[in-house]
Amino acid sequence: MIRREGVWVKVPASTANLGPGFDTLGMALSLYSWLELKPADKTVFHLYGEELKGLPKDKNNLIYQVAQLVFAEAGIAIPELQISMYSNIPLTRGLGSSASAIVGALFAANLLIGEPLDQAKLFDMATALEKHPDNVGASLYGGIITAAWDGRHADVLRIEPPADLDVLVAIPEFQLSTSKARDALPEQIALQDAVYNVSRASLLTAALSAGRLDLISAAMQDRLHQPYRAALVPGMARILAEAADHGALGAALSGAGPTLLCLVDANCSKEERQRLESFLLNTLGEQGVPAQLMWLKSCTHGAIELTMDKESSFWDYIKGEVRT
């Protein structure tokens, strides 16, 4: 049954890889996109916020196209939609902006038609669109996920984030496309480097599951992708090598970058936090790279439906959410 009143959903950002878990590990973060989907007589878009400027406002829009995939899969036709969206997830910075859009569109479209598709099906569809399961898995399920994709089906396991885990991200003021970051990778790697990464990814997954923050620094080491991408983000190599000496549990390139991410013990002092902040900003600044710092948490929920406020418009409701 089609919900003519429409639906509202909220989807978290994500970070992928966490160092060694290339295309495998992901974590939801406390930045969000909000989406309203509603049947309409004519397709119209209301895109709010700086992060959505310049995106298509016609049927070439990713949200519209992904929603139509859900309707086609379910055998339902809703050719015209009212689509409203706000996001505070920076675009092309390695924080899963495209994954959150894909998951939001799939999740909202499925709700709109009475949820004929289960979550596993939505995950397979999202992974097929994104080409890897880490970001979309984190945005859909929340928390930390590890997943495997065989080209048709994705298996996923969700891990509850350790309660004492904070996240500090340094977001450089330039964009880096995923395609450019992937082009930097070699077609083949040495066996010892493959073993190195398998061991670290396994250790990191176990450490996060067990809440063993003391193992994170050793477990977040990587030889598969970050060394080859370091030249794309000036200052990155030093940050990955020295962040643990300045108060981080471990550091990684967030997804394809250019955002750099540090995992931090939530119990550390204000002075320790400031020391890490200064290290990140000074290291990037020495390379002529201005950056914005954000303290985040791992978001423990994935895509969720919001209760529609009949007294407020979508945008008025979102403004209230963002302020809080």
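Colleague: Why does Glu-160 count as partly exposed?

Modeller: The model is predicted, and the relative accessibility of Glu-160 in it is 46%. Buried means under 20% and exposed means over 50%. The value of 46% falls in between, so Glu-160 counts as partly exposed.

Colleague: What makes Arg-158 and Glu-160 a salt bridge?

Modeller: Their side chains meet at 2.7 Å, N to O. The cut-off is 4 Å, between a side-chain nitrogen of Lys or Arg and a carboxyl oxygen of Asp or Glu. A distance of 2.7 Å is within 4 Å, so the pair qualifies. Arg-158, at 31% relative accessible area, is partly exposed as well.

Colleague: How many salt bridges does a search of the whole structure find?

Modeller: Twelve. One of them joins Glu-305 and Arg-3, with the closest N and O atoms 2.5 Å apart.

Colleague: Why is the pair of Glu-305 and Arg-3 said to tie parts together?

Modeller: Because Glu-305 lies in strand 11 (residues 304-306), while Arg-3 belongs to the segment before strand 1 (7-16). These parts are 302 residues apart in sequence. Arg-3 and Glu-305 also belong to a network of salt bridges that includes Glu-5.

Colleague: At what angle do helix 2 and helix 3 pack?

Modeller: Helix 2 (residues 97-112) and helix 3 (residues 119-130) pack at about 145 degrees, and their axes are 10 Å apart. The crossing is right-handed. Residues of helix 2 in the contact include Ile-102, Leu-106 and Phe-107, and helix 3 contributes Leu-122 and Met-125 among others. By class, the contact has nine nonpolar, two polar and one charged residues.

Colleague: Why is Ser-100 called buried?

Modeller: Ser-100 has a relative accessible area of 1%. Ser-100 is located in helix 2. Leaving out residues up to four places away in sequence, Ser-100 touches Val-11, Pro-12, Ser-33, Ile-89 and Ser-139.

Colleague: What makes the approach of Ser-100 to Ser-97 a polar contact?

Modeller: The Ser-100 side chain reaches the backbone oxygen of Ser-97 at 2.8 Å. The limit for a polar contact is 3.5 Å, so the distance of 2.8 Å qualifies.

Colleague: Where does Ile-189 lie, and why does Ile-189 count as partly exposed?

Modeller: Ile-189 is in the loop between helix 5 (178-183) and helix 6 (191-210). Its relative accessibility is 32%, so Ile-189 counts as partly exposed. Apart from neighbours within four places in sequence, Ile-189 contacts Ala-194 and Leu-224.

Colleague: How many residues apart in sequence are Ile-189 and Arg-212?

Modeller: They are 23 residues apart in sequence, and their C-alpha atoms are 30 Å apart in space. Contact means heavy atoms within 4.5 Å.

Methods:
Residues are numbered from 1 along each chain as its sequence is written. This is a predicted model: local features need pLDDT of at least 70, side-chain atom pairs count only at pLDDT 80 or more; totals for chains, interfaces and linings use all residues. Side-chain values use heavy atoms; hydrogens and water are left out. Axes are lines fitted to C-alpha atoms, for helices over the stretch in contact, and angles run from 0 to 180 degrees between N-to-C directions. Helices (H or I, at least four residues) and strands (E, at least two) are DSSP runs, numbered from the N terminus. A crossing is left-handed if the near helix is turned anticlockwise from the far one by less than a right angle, and right-handed if clockwise. Ala, Val, Leu, Ile, Met, Phe, Trp, Tyr, Cys and Pro count as nonpolar, Asp, Glu, Lys and Arg as charged, and the others, Gly among them, as polar. Buried means under 20% relative accessible area, exposed over 50%, partly exposed in between (1.4 Å probe, protein chains only). A polar contact is a pair of N or O atoms within 3.5 Å; within protein, one must be able to donate a hydrogen and the other to accept it, and residues adjacent in sequence count only if both atoms are side-chain atoms.
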